Amino acid sequence: MTPPKPAVSHYDNPVLPGFHPDPSVCRVGEDYYLVCSSFEYFPGVPLFHSRDLVHWRQIGNVLDRPSQLPLPADAMASDGIYAPTIRHHDGRFWMITTNVSHGGNFIVTAERPEGPWSDPVWIDLPGIDPDLAWDEDGNCWCAFAGAHGPSFSGVQVARIDPEAGKVLEGPVPAWEGTGLQWPEAPHLYRIGEWWYLMIAEGGTERGHTVAMARARSPRGPWEPAPANPILSHRSTDQPIQSTGHADLVTTPDGEWWMVLLATRPVGYSPKFHVLGRETFLTPVRWEDGWPRVGPVNLRERAPAGARPGEASPERDDFDAVDLDPRWISPRSRADGSWSLTERPGWLALHATGSTLDRPGCTFLGRRQQHVESRTAVLLDHGPGRAGLSVRLDEGHHYDLEVADGRADVIARIGPLRQSVATRAVPPGPVTLAITTRSARKWSREAPGLHVAAPDYLAFHVGDDPEPLVELDGRYLSTEVATGFTGRVIGMYATEGTAWFDWFEHGPLDDPEQP
């Protein structure tokens with residue numbers, strides 16, 4: 001019998017690095033399940049499992065069929081799926097979310113977290129960020145943020161039939177928050193004799209906060225916490241910023257914890273975050289009937305019983321019968337655009353669009369999860385056009401592309417699209433690699449110069465240690481491109497067919513080396 005691993009005393013934040021925003025969590029016995037927003041990517045709503053809240057493994061995607069995730073072909077980047085909530089009630093898992101590109105709010109359910117999850121049950125409620133909670137009489141309550149735009153009206157609450165998607169009572173106004181913009185991300189909790197309503201407000205940028213109110217009934221009236229916001233890093237020098245959109249969970253031992261989104265902006269003022277909004281974990285204490293939280297630290301005391309987890313493999317050799325759940329594609333993944341069987345041990349990509357600059361291309365990517373990283377593939381290009389891309393959206397991506405006997409580095413920055421470096425490549429398989437490194441090296445080489453970039457991206461072909469070119473990473477950041485996502489690095493084909501033998505993404509062992 002294998003002895004248990006020794007407990008860990010501390011953990012490092014974020015617990016889910018990279019583009020994993022709007023976390024929601026529930027516990028079933030000793031198991032925890034967490035979901036995040038996925039926006040325009042398919043499959044949608046990544047689903048994670050943990051036994052200690054610290055070490056998470058993706059076990060699937062809740063929305064893994066087109067019937068669950070209808071996204072228009074021209075859906076804008078950062079539209080799609082907003083802010084899921086996951087709960088377990090009456091022996092079933094429930095997930096409620098908003099498809100802002102098609103249909104609005106809906107619920108899916110499953111007997112097991114791995115699925116299969118049901119097709120959507122649509123709910124005739126406006127707004128975004130819906131939540132589910134049940135009272136002692138079995139009534140289901142849905143809190144949600146009011147519609148965007150001039151009529152934004154804070155958080156509302158309705159009693160619903162979650163099986164049929166019918167509104168039984170309301171919606172009625174609940175709480176407009178403390179006066180900051182965009183009161184959203186509501187979660188309802190029955191704790192003791194009180195109902196608590198937790199929200200985010202201040203916008204999901206640097207002014208993001210978490211606030212709390214309570215009432216004797218889901219119908220209100222709501223009493224704000226005297227120390228609101230209960231969490232905020234705004235206007236501080238903390239390395240973690242934009243703390244908000246949180247959810248609460250208890251351990252079997254009665255400890256309280258909060259999962260939340262936040263960012264790690266770096267570079268020169270105003271600083272840039274390139275990995276997107278990430279999932280952080282922080283302890284919660286209760287004083288005088290109210291939760292107390294923060295500050296959220298990069299290193300925290302671990303929950304009782306936390307033990308080292310098994311990291312997800314950095315390399316995919318495409319030997320499985322299906323794709324790993326971490327692979328995502330913009331908007332959809334057309335039947336016939338990929339195959340793991342045409343050439344066993346290789347991933348085949350068939351072009352469905354002629355450019356990455358518009359929707360409809362064949363692209364499979366993974367979220368960039370390391371600030372200083374190396375991503376590499378072995379590409380058998382043949383005739384056609386294919387490569388490795390770092391993507392924020394159609395208007396902001398860097399591509400290392402092979403076609404016509406040469407490798408090109410192409411930068412798409414807003415209206416600009418330009419080949420910035422090129423090199424001849426021989427026929428047959430070739431290794432492509434992209435590294436991301438912090439700007440420290442350039443600061444030393446150019447003393448007195450403000451290095452504004454959060455990082456630099458270096459593009460390598462074959463075994464050559466010298467990159468074709470190094471590009472400024474700020475142009476693939478939310479602060480430049482706008483939106484709610486983060487970098488996704490992946491393989492693509494925009495002409496003909498390309499085969500990929502393997503893909504790997506991991507941290508740099510030596511940030512000074514490619």
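Colleague: Is Arg-423 buried, exposed or partly exposed in this model?

Modeller: The model is a predicted one. Arg-423 has 27% relative accessibility, so the class of Arg-423 is partly exposed.

Colleague: Which parts of the chain does the salt bridge between Asp-464 and Arg-423 tie together, and how many residues apart in sequence are they?

Modeller: The side chains of Asp-464 and Arg-423 meet in a salt bridge, with N to O at 2.9 Å. Asp-464 lies in the loop between β36 (455-461) and β37 (469-472), and Arg-423 lies in strand β34 (residues 416-424), so the pair ties together parts whose separation in sequence is 41 residues.

Colleague: What is the relative accessible area of Asp-464?

Modeller: Buried residues are under 20% and exposed ones over 50%. Asp-464 is partly exposed, and its relative accessible area is 30%.

Colleague: Are Arg-412 and Asp-357 buried or exposed?

Modeller: The side chains of Arg-412 and Asp-357 form a salt bridge of 3.2 Å, N to O. Arg-412 is in strand β33 (residues 406-413) and Asp-357 in the loop between β28 (347-350) and β29 (362-367), so the pair ties together parts 55 residues apart in sequence. As for their accessibility, both Arg-412 and Asp-357 are buried.

Colleague: How far apart are the closest N and O atoms of Glu-255 and Arg-301?

Modeller: A salt bridge requires a side-chain nitrogen of Lys or Arg within 4 Å of a carboxyl oxygen of Asp or Glu. Glu-255 and Arg-301 form such a bridge, and their closest N and O atoms are separated by 3.8 Å.

Colleague: Why does the pair of Glu-255 and Arg-301 tie together parts that are 46 residues apart in sequence?

Modeller: Glu-255 is partly exposed at 23% relative accessible area, and Arg-301 is partly exposed at 44%. The salt bridge joins these two residues. The parts are tied together because Glu-255 lies in the loop between β20 (241-250) and β21 (256-263), while Arg-301 lies in strand β24 (residues 299-301).

Colleague: Which residues are linked with Glu-40 in a network of salt bridges?

Modeller: The structure holds 37 salt bridges. The network that contains Glu-40 also includes Arg-331, Arg-391 and Glu-394.

Colleague: Which residue stands opposite Arg-285 in β23?

Modeller: Strand β22 (residues 278-287) runs antiparallel to β23, and four bridges join them. In β23, the residue opposite Arg-285 is Arg-292.

Colleague: How many residues of strand β6 are buried?

Modeller: Strand β5 (residues 44-50) is joined to β6 by five bridges, and the two run antiparallel. Phe-48 has Gln-58 in β6 as its bridge partner. Strand β6 (residues 57-63) is mostly covered, and of its seven residues the number buried is six.

Colleague: Which residue takes a positive phi in the hairpin of β5 and β6?

Modeller: This hairpin has six residues between the strands. The positive phi, near 75°, belongs to Leu-53.

Colleague: How many disulfides does the structure hold, and what separates Cys-140 from the nearest cysteine sulfur?

Modeller: A disulfide requires sulfur atoms within 2.5 Å. The sulfur of Cys-142 is too far from that of Cys-140 for a bond. Cys-140 is buried, with a relative accessible area of 2%, and Cys-142 also counts as buried, at 2%. The number of disulfides is zero, and the nearest cysteine sulfur to that of Cys-140 is at 7.2 Å.

Methods: Residues are numbered from 1 along each chain as its sequence is written. This is a predicted model: local features need pLDDT of at least 70, side-chain atom pairs count only at pLDDT 80 or more; totals for chains, interfaces and linings use all residues. Side-chain values use heavy atoms; hydrogens and water are left out. Buried means under 20% relative accessible area, exposed over 50%, partly exposed in between (1.4 Å probe, protein chains only). Two strands pair if DSSP finds at least two bridges between them.
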